[in-house]
Protein chains: 2
Amino acid sequence: MSLGFEILARDGAARVGRLTTAHGAIDTPAFMPIGTAGTVKAMTPEGVAATGARIVLGNTYHLMLRPGAERIAALGGLHRFMNWPHAILTDSGGFQVMSLKALRTIGEEGVAFRSHLDGSRHLLTPERSIEIQHLLGADITMAFDECAPFPAERDTIEASVERTLRWAERSRAAFTPRPGHGIFGIVQGGVHADLRQRAAVRLVEIGFDGYAIGGLAIGESQATTFAMVENDVPMLPADRPRYLMGVGKPADLVGAVKRGVDMFDCVVPTRSGRTGQAFTREGALNLRNARHADDPAPLDPLCRCPACTGFSRAYLHHLTKAQEILASMLLTQHNLTYYADLMADLRTAITKGRLSAFQLSETNP
Amino acid sequence: MSLGFEILARDGAARVGRLTTAHGAIDTPAFMPIGTAGTVKAMTPEGVAATGARIVLGNTYHLMLRPGAERIAALGGLHRFMNWPHAILTDSGGFQVMSLKALRTIGEEGVAFRSHLDGSRHLLTPERSIEIQHLLGADITMAFDECAPFPAERDTIEASVERTLRWAERSRAAFTPRPGHGIFGIVQGGVHADLRQRAAVRLVEIGFDGYAIGGLAIGESQATTFAMVENDVPMLPADRPRYLMGVGKPADLVGAVKRGVDMFDCVVPTRSGRTGQAFTREGALNLRNARHADDPAPLDPLCRCPACTGFSRAYLHHLTKAQEILASMLLTQHNLTYYADLMADLRTAITKGRLSAFQLSETNP
């Protein structure tokens with residue numbers, strides 16, 4: 001078996017599952033912290049694990065440029081390099097090279113681009129993307145895809161979807177199956193339900209170990225994102241994990257879980273933590289706000305993380321104002337803990353058949 | 001007793017001691033990490049304690065401006081504010097307001113200055129400095145002093161020493177004794193042995209709980225620093241702790257311990273950690289150097305810290321090149337661990353009567 005996936009409970013479209021990889025099991029629904037350059041920013045690996053996360057995302061684009069995929073492979077792979085004993089999903093690099101805009105050219109073969117670091121020329125193809133992900137040692141490899149911009153003409157998106165499907169076949173062919181490792185296909189098609197359905201059908205024909213819902217959360221409304229999730233989920237095999245890419249804020253996660261999504265990644269909790277933003281059971285807070293300057297209360301009295309058990313809002317405010325590194329460390333740890341606990345609460349609600357009544361405020365015990 | 005200080009072993013001028021404060025005991029010789037703005041930069045308090053440190057230094061100047069001493073007092077004092085259960089020594093603010101140069105005016109009353117943060121006007125006097133340190137809840141308070149620039153005319157330094165002695169009397173008078181708390185006087189006099197001796201005699205007449213050797217490590221040679229330590233130590237009470245301010249690099253610490261110093265503080269290990277510099281049993285390393293890019297070896301194979309037990313030099317090189325926060329976190333933790341272990345090794349050498357043979361390389365087991 002490439003990747004084990006056992007469904008333990010269902011509630012409506014939602015399900016609780018266990019995804020088994022070469023580097024341990026992940027309870028789903030799960031949120032994957034972003035470890036762009038071989039580190040979840042401002043966190044030790046022990047700190048990431050302490051939040052409850054058992055899988056992180058690594059970025060092919062960043063790692064291929066620095067320090068280089070062959071170098072990481074020679075050093076024993078990404079798990080050993082970053083001292084993360086749990087699972088790793090790597091993206092394909094597609095999304096990030098597309099974002100380079102003026103620095104890249106898309107062709108049938110792949111994407112030619114210049115490094116944002118030193119201007120050096122590179123070609124990323126489906127075959128090279130998969131090779132890099134193998135070199136990194138990803139437990140979950142993503143097919144190389146194009147994420148069309150939003151908004152875009154339907155014709156543009158349709159051509160992009162077709163190319164992404166051809167790239168998906170090449171990615172699948174380039175992937176070397178190993179126990180505990182798998183490859184996910186990515187449904188594209190922007191906000192066009194029929195294009196997304198066509199993509200899903202073709203990806204299932206190719207056959208992947210899991211399926212990502214891509215090309216969303218890039219400018220369209222939350223209602224549209226949810227509509228596309230509702231459109232895609234029934235097209236995907238019920239016994240395989242579903243991963244909504246680049247999503248999102250807490251309410252986005254709750255809504256997508258209710259619609260059958262099992263996995264998420266997003267920069268929001270980590271990036272917010274580095275800019276003084278905290279997610280709490282009482283809503284989002286900006287710690288830079290002067291109203292926290294004299295507040296002896298913890299950030300979130302119900303949170304188990306070090307920021308909440310050890311410090312006051314006044315102290316966290318001070319750290320953010322003084323631009324201390326500890327502010328990024330503590331708020332990132334808090335936000336990732338909040339996200340992990342939210343996912344755990346959602347799993348509990350599904351298991352108890354109470355998901356329809358789940359509100360964010362109900363993450364309170 | 002204000003501050004307990006028990007001498008447990010002697011070897012030449014050096015001694016092993018135990019300094020007892022309201023927030024626990026400190027084995028001396030001890031190095032005190034700098035916690036400028038209520039945080040040892042890039043470290044959690046648990047991380048600082050894990051290095052072995054049991055006392056940190058807080059900066060009166062920075063804390064009085066932001067977040068403010070009265071605010072910290074209202075929040076329960078600096079220990080609670082920064083969640084540091086062990087001892088804290090606060091400086092007097094004198095050294096840092098003097099460094100403001102164009103922004104400050106020195107008079108008999110004290111130093112008038114403008115904040116580097118917002119230009120606001122402040123007056124720091126001996127009485128206000130002690131009051132701030134009381135508000136912060138320092139276990140060890142430092143007398144308000146002037147650190148004359150180096151080099152300077154003898155007349156300038158002599159006038160400065162005399163004013164510092166008058167300020168020392170005012171500081172001592174303003175200090176409220178409490179169990180487990182104490183105040184240290186500071187010997188000034190630049191590189192003039194006779195001025196320093198005069199200062200030491202007068203400080204001992206006033207009577208302090210410990211004595212700092214100040215005004216050194218600001219540009220003079222290591223040989224001169226050591227000569228001044230040899231000059232000052234015999235003038236100070238044998239049963240009270242001696243603190244060499246602002247020192248230093250590992251070899252400086254070894255030399256000063258051999259000459260009878262018990263306590264140190266310096267930005268070197270923490271600042272170096274944030275710029276890719278590491279102290280190891282094989283000497284100092286610059287992790288930004290490309291020669292580390294492919295090195296699977298740990299930073300220091302004999303070190304017990306998380307940076308050395310979990311990661312390769314190649315990974316630490318990558319983090320420094322990518323300017324990841326984790327680079328600062330890991331290298332700071334390593335450097336403080338190196339310093340703490342160096343002090344522990346020195347204590348062992350003194351206890352065994354082997355200090356004269358102690359070389360830095362002998363920090364290897």
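Copies are superposed by least squares on the C-alpha atoms of residues with pLDDT of at least 70 in both. The model is predicted: local features need pLDDT of at least 70, side-chain atom pairs count only at pLDDT 80 or more, and totals for chains, interfaces and linings use all residues. Residues are numbered from 1 along each chain as its sequence is written, and chains are lettered from A, with ligands numbered from 1, in the order in which they are written.

Chain B is superposed on chain A by a rotation of 180 degrees with 0.0 Å of shift along its axis, at an RMSD of 0.0 Å. This is the relation of a two-fold axis. In chain A recur 100% of the contact residues of chain B, so the same surface serves both copies. B:Ile325 is the residue of chain B that comes closest to the rotation axis, at 3.7 Å (C-alpha).

The contact (C-beta atoms, placed from the backbone, within 7 Å) takes 32 residues from chain B and 32 residues from chain A. Helices are DSSP runs of H or I with at least four residues, numbered from the N terminus. The helices below each supply at least two residues of the side of chain B that touches chain A.

| Helix of chain B | Residues |
|---|---|
| α3 | 69-74 |
| α4 | 78-82 |
| α12 | 306-310 |
| α13 | 313-321 |
| α14 | 325-351 |

α13(B) gives the most to that side, with five residues.

Within chain A, the axes of helix α7 (residues 154-174) and helix α8 (residues 193-206) come within 10 Å and cross at roughly 10 degrees. Axes are lines fitted to C-alpha atoms over the stretch in contact, with angles from 0 to 180 degrees between N-to-C directions. α7(A) is therefore roughly parallel (under 35 degrees) to α8(A).

Key: Contact = placed C-beta atoms within 7 Å. Parallel < 35°, antiparallel > 145°, perpendicular 65-115°, else oblique.
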